[in-house]
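User: I am new to this structure and would like to learn how to read its main features. Could you take me through them one at a time?

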Amino acid sequence: SVFKDGVLDGVLLYQLAIKRFFVATQERGKSITWDPTMERGRYIEKDFTLLPSSRIILTYGLFDDQEKELEKLGFRIEKANKPNRDLGYGLESMLNGNIVAYLRLDVPHRDWGAISLLIDKAGGNVTDFSGGRGIYRYFNRRDKYKDSFIPNLVVSWTDDVHQSIMRVLHK
């Protein structure tokens, strides 16, 4: 991850399981992938977009009643902070479409910030819990929140999923 004046400005992420690089910057309009070719050291660049059919949401720090409301809407909840959760789902699951959204309180810039920028530039939705966009300031925060963190985050692939989540958060 690259930060400019405390704001997440760009990310280069490698997903070992599928041997794919993911790239996004604030300046560039879209996220891209670099896929390896048969020729050593050569990659094919493609726009990164995805429309997952999954109804799985990864959460960290939500209240139980909010998670139950999301389950009533037909989502399966995986808690990132639960020791015996299904380990097949993590943040990288957003990149391959295995989860449709993630929500977190007290968000560290590592992993969460990078994947959020990739999803945002690939056409997904990235906001704070109140719906505010442009939330990539992890350092030198004006609100005095602790450095390298933001207070909360909602990331989803589709508008309808994002709107469902926001309605639950605002009940």
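**Reading the fold**

Analyst: The secondary structure of the protein chain comprises three helices and 10 strands, where helices (H or I, at least four residues) and strands (E, at least two) are DSSP runs numbered from the N terminus. This is a predicted model, in which local features need pLDDT of at least 70 and side-chain atom pairs count only at pLDDT 80 or more, while totals for chains, interfaces and linings use all residues. Residues are numbered from 1 along each chain as its sequence is written, and side-chain values use heavy atoms, with hydrogens and water left out.

User: In what order do the elements of the protein chain run from the N terminus on?

Analyst: The order is β-β-β-β-β-β-α-β-β-α-β-β-α.

User: How does the radius of gyration of the protein chain relate to that of a compact globule?

Analyst: The radius is taken over C-alpha atoms, and the globule rule is 2.2 Å times the number of residues to the power 0.38. For 171 residues a compact globule would have a radius near 16 Å, and the protein chain, with 16 Å, agrees.

User: Which residues touch the most other members of the largest nonpolar core?

Analyst: In general, nonpolar side chains tend to be buried together in soluble globular proteins. A nonpolar core is a set of buried Ala, Val, Leu, Ile, Met, Phe, Trp, Tyr and Cys residues joined through side-chain atoms within 4.5 Å, buried meaning under 20% relative accessible area (1.4 Å probe, protein chains only). Here the largest core has 43 residues, of which Ile57, Tyr102 and Ile165 touch the most other members. Helix 2 gives the most to this core, with six residues.

Methods: Buried means under 20% relative accessible area, exposed over 50%, partly exposed in between (1.4 Å probe, protein chains only).
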